[in-house]
Amino acid sequence: MPKYGLLMKKTILTLAIALLTSHAFAQNSCISIKSDRLRLQCYDKASSEKPPAPTATPEAAKPEPMKKGIVFKSGSWSVHQELDAMTDKKKCAALYEGAWTVQASDKDFFVSLRGRGGVRGYTVRIDDEPALPLRLADEMERDLSAVRLGRIFDQVYGAKRIRMQISTILNTVVAQDIDLKGFAESVDYMRQNCKD
């Protein structure tokens, strides 16, 4: 009897060790169990246990994942962010009322006329100042079918409203009245957060 009691204590100890250690060690411990029934129970138990989760990296060491979609809103403007497929760099664009037809980068401003007749020429009025002289579309504006206001971006940046009359290649006129509330804040956000 004492021999059986000693064997039972060893078996219980072996099972306890198997339960307290990792999945792999538990399976290896089962080999030493003499009783077929207890050894089978040990293997069943070890195979049903999940291996311990890998230790987590401290929060400070984890890189922050890049947010996609809308990352900032102010007034009628929202900043959209995505990863450039060719360079893996952050790209941001500020959109007016969520539409891609009126958008800006941190130094340029675009009004798209694609699908609305293209761009032949345009006049721009900033706030209540007199309208700027008629400007014929340059080659890039014609190719893009968009008005580009990079040359007067600083004036647009500090304004509250911009109005445009755009003559199209189809001899129609498209009027745009754009509220710039939130525009400067959106540009500032892009300048601070959208550079790699």
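Predicted model: local features only at pLDDT ≥ 70, side-chain atom pairs only at ≥ 80, totals over all residues.
Residues are numbered from 1 along each chain as its sequence is written, and side-chain values use heavy atoms, with hydrogens and water left out. Helices (H or I, at least four residues) and strands (E, at least two) are DSSP runs, numbered from the N terminus.

- β1 and β2 are antiparallel partners over five bridges; strands count as paired if DSSP finds at least two bridges between them.
- Within that pair, Ile-70 has His-80 in β2 as its bridge partner.
- Two residues separate β1 and β2 in their hairpin, and Gly-75 in the turn has a positive phi of about 55 degrees.
- On to the next pair: β2 and β3 run antiparallel over seven bridges, with Glu-82 opposite Lys-91 in β3.
- The β2 and β3 hairpin has six residues between the strands, and there Asp-88 takes a positive phi near 60 degrees.
- β2 is mostly covered, with five of its seven residues buried (buried is under 20% relative accessible area, exposed over 50%, partly exposed in between, using a 1.4 Å probe and protein chains only).

**Helix α6 and its cover**

- In α6 (residues 183-193), the buried residues are Phe-183, Ala-184, Ser-186, Val-187, Tyr-189 and Met-190.
- The cover over those buried residues includes β1 (69-74), β2 (77-83), β3 (90-96), β4 (99-104), β5 (109-112) and α5 (153-157).

**The four-stranded open sheet**

- The strand order is β7-β6-β9-β10, with antiparallel pairing.
- β7 (135-136) and β10 sit at the edges with a single partner strand each, so one side of each has no neighbour in the sheet.
- β6 (residues 121-126) is joined to β9 by six bridges, running antiparallel, and Tyr-122 has Ile-166 in β9 as its bridge partner.

**Loop residues to look at**

- Thr-168 is in the loop between β9 (161-167) and β10 (173-179), and it counts as buried because its relative accessibility is 0%.
- Leaving aside residues up to four places away in sequence, Thr-168 touches Leu-113, Arg-116, Gly-117, Gly-118, Arg-120 and Val-174 (contact means heavy atoms within 4.5 Å).
- Glu-97, in the loop between β3 and β4, has a positive phi of about 50 degrees although it isn't a glycine; Glu-97 is exposed, at 60% relative accessible area.
- Ser-145, in the loop between α4 (139-144) and β8 (146-148), is also a non-glycine with positive phi, near 55 degrees; Ser-145 is buried, at 13%.
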